[in-house]
Amino acid sequence: MRIFAHKGLWKIKKEANTLEAMNKALDAGFDLETDIRIQNGRFVIKHDPALQDEDLLNLKEVLTLFKKYDKNYIALHFKENGWGQSGQLSTLVNLLAPFSAQVFLFDISLNCCQELKELNKSIKTRVSVGDKK
């Protein structure tokens, strides 16, 4: 059984989605689940819509942890649609490629899932049904 720490291992809200919280979760033997968005052309870790000048953790920084924790997984929740139209999917696939055994993307539309699979068949995706088109 795998247990995923949502936004890392934290006690108060301001600690959530920090590199420290994620490192603590991995040290404790948990896998990670977090949310990704695009802000200013970067993939960032954020559940709610990002403020324009908000300083956010970059997905690249989080993935760096997984070089040390090569047996752990990270579940990335897509928080926005329209990534395919912005050309960002290929950038994301390239970023995730070295970690393809450890990463899966979920709560994405079927179209986005198909686009991701066309870019890289080994990428793991999960589609939610009901409210997605």
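The following legends describe close-up views of one predicted protein model.

Residues are numbered from 1 along each chain as its sequence is written, and side-chain values use heavy atoms, with hydrogens and water left out. Because the model is predicted, local features need pLDDT of at least 70 and side-chain atom pairs count only at pLDDT 80 or more, while totals for chains, interfaces and linings use all residues.

**Figure 1. Overview of the chain.** The chain has five helices and six strands; helices (H or I, at least four residues) and strands (E, at least two) are DSSP runs, numbered from the N terminus. Read from the N terminus, the order of elements is β-α-β-β-α-β-α-α-β-α-β. The radius of gyration is 14 Å, close to the 14 Å that the globule rule gives for 133 residues, so the chain is as compact as a globular protein of that length. This radius is taken over C-alpha atoms, and the globule rule is 2.2 Å times the number of residues to the power 0.38. Along its principal axes, the C-alpha trace spans about 35 × 35 × 30 Å. Buried residues account for 43% of the 133 residues, where buried means under 20% relative accessible area, exposed means over 50%, and partly exposed lies in between (1.4 Å probe, protein chains only). Among contacts between residues at least 6 apart in sequence, 55% join residues at least 24 apart; a contact means heavy atoms within 4.5 Å.

Figure 2. Helix 1 comprises residues 19-27, and its buried residues are Ala21, Met22, Ala25 and Leu26. These residues cover an arc of only 135 degrees around the axis, which puts them on the same side of the helix; the arc is that of the directions from the helix axis to the C-beta atoms. They pack against strand 1 (4-6), strand 2 (31-39), strand 3 (42-45) and helix 2 (59-68). On the face turned away from the buried side are the exposed residues Glu20 and Asp27. Glycine 29, with a positive phi near 95 degrees, follows helix 1.

Figure 3. The side chains of lysine 24 and glutamate 20 meet in a salt bridge (3.6 Å, N to O), a term for a side-chain nitrogen of Lys or Arg within 4 Å of a carboxyl oxygen of Asp or Glu. Side chains of opposite charge can pair when their charged atoms come close. Because lysine 24 and glutamate 20 are four residues apart in helix 1, about one helical turn separates them. Lysine 24 is partly exposed, with a relative accessible area of 38%, whereas glutamate 20 is exposed at 54%. A search of the whole structure finds three salt bridges.

**Figure 4. Aspartate 31 and its partners.** Aspartate 31 lies in strand 2 and counts as buried, at 2% relative accessibility. Arginine 2 forms a salt bridge with aspartate 31, in which the closest N and O atoms are 2.6 Å apart. The pair links distant parts of the chain, since arginine 2 belongs to the segment before strand 1 and aspartate 31 to strand 2, 29 residues apart. Arginine 2 is partly exposed, with a relative accessible area of 43%. A polar atom of the aspartate 31 side chain also lies 2.7 Å from the backbone nitrogen of tyrosine 73. Neighbours within four places in sequence aside, aspartate 31 is in contact with Arg2, Ile3, Phe4, Ala5, Asn72 and Tyr73.

**Figure 5. Glutamate 54 in its loop.** Glutamate 54 is found in the loop between strand 3 and helix 2. At 24% relative accessibility, glutamate 54 counts as partly exposed. Its side chain and that of lysine 46 meet in a salt bridge (3.1 Å, N to O). Lysine 46 counts as buried, at 18% relative accessibility. Not counting residues up to four places away in sequence, glutamate 54 touches Gln39 and Lys46.

**Figure 6. The largest nonpolar core.** Of the 31 residues in this core, Leu32, Leu59, Phe78, Leu96, Leu105 and Leu116 touch the most other members. A nonpolar core is a set of buried Ala, Val, Leu, Ile, Met, Phe, Trp, Tyr and Cys residues joined through side-chain atoms within 4.5 Å. Elements that give two or more residues to the core include helix 1, strand 4 (74-78), helix 4 (88-96), strand 5 (103-108) and helix 5 (110-119). Neighbours within four places in sequence aside, leucine 96 is in contact with Leu59, Leu63, Leu76, Val103, Leu105 and Ile123.

Terms used. A polar contact is a pair of N or O atoms within 3.5 Å; within protein, one must be able to donate a hydrogen and the other to accept it, and residues adjacent in sequence count only if both atoms are side-chain atoms.
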